[in-house]
Amino acid sequence: MRVLLVEDEPELASALRAVLARHDMVVDHAVDLVEADQIASACAHDVLVLDRQLPDGDGLTLIPKLRARGNRVPVLVLTVRSEIADRVAGLDHGADDYLAKPFAFEELLARLRALLRRPANMQSEVVRAGRLSFDLANREACVGGTVLELTRRETLVLEALLRRVGRMVPRSMLMEAVFALGDEVQPNALDTQVSRLRRKLVDAQGGVLINGVRGVGYLLRETP
Ligand code: CA
């Protein structure tokens, strides 16, 4: 899951990045509207966490811009202004939810989970292939009732492959799912993650195979 975090307060931003990363999210971070707009154009995100009071203007003004380009990313607005009028303004601008500062991280995570569970963004809570099941809410992969021990990045690769099971997933899409902008990434980093994941799935007798086409991408399918 990939998050775009737009927050200019350095301490809050770095705390949020750490919390989101611990919950298996890939985080791109922007400190102002200009940067947020650029990153939102460059990559697809599953959710946008948007501060209102930014150095170059009100965060809310970003939402109509994104929508005009057909970007339907769910938006959670962070605001210190908790008056009713501001809440209405947020929803009028196309925000999906808002959270008043200061907030508990647990509440933020709960709101994000709720946004990501909305039917338009997620068809089913559990994806299955072969003997493998993957719970999209708690991000657990199971084979025959046993939870697979996967690293954060292996989990992200598996989720991206399962969302398009039986179809080739381009390298660029997998890279986007697994690595944030600014991560130092070796050329074969994705292939290393896939190899480890593939071995774990075979060891667990998951009934699925990952096939790769060099330079193109990877495909997960059920074992015939
Ligand atoms: Ca701010």
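Student: Why is Cys142 called buried?

Tutor: The relative accessibility of Cys142 is 18%, and buried means under 20% relative accessible area, exposed over 50% and partly exposed in between (1.4 Å probe, protein chains only). Cys142 therefore counts as buried. Keep in mind that this is a predicted model, where local features need pLDDT of at least 70 and side-chain atom pairs count only at pLDDT 80 or more, while totals for chains, interfaces and linings use all residues. Residues are numbered from 1 along each chain as its sequence is written, and side-chain values use heavy atoms, with hydrogens and water left out.

Student: What about Cys43, and how many disulfides are there?

Tutor: Cys43 has a relative accessible area of 9%, so Cys43 is buried. A disulfide is a pair of cysteine sulfur atoms within 2.5 Å, and by this rule the count is zero.

Student: Which residues coordinate the calcium ion, and what makes them donors?

Tutor: Asp8 (OD), Asp51 (OD) and Gln53 (O) do, at 2.2 to 2.3 Å. Donors are N, O and S atoms within 2.8 Å of the metal (3.2 Å for Na, K and Ca), so these atoms qualify. Water is not among the atoms, so sites may look incomplete. Asp8 lies in the loop between strand 1 (2–6) and helix 1 (10–22), while Asp51 lies in strand 3 (residues 47–51), 43 residues apart. Helices (H or I, at least four residues) and strands (E, at least two) are DSSP runs, numbered from the N terminus.

Student: How do you know that the buried residues of helix 5 share a side?

Tutor: The buried residues are Leu108, Leu109, Leu112, Leu115 and Leu116. They cover an arc of only 125° around the axis, so they are on the same side of helix 5; the arc is that of the directions from the helix axis to the C-beta atoms.

Student: What makes a nonpolar core, and which residues touch the most other members of the largest one?

Tutor: A nonpolar core is a set of buried Ala, Val, Leu, Ile, Met, Phe, Trp, Tyr and Cys residues joined through side-chain atoms within 4.5 Å. The largest has 31 residues, of which Leu132, Leu158, Leu161, Leu201 and Leu220 touch the most other members. Helix 6 (152–162) is one of the contributing elements, and its six residues are the largest share.
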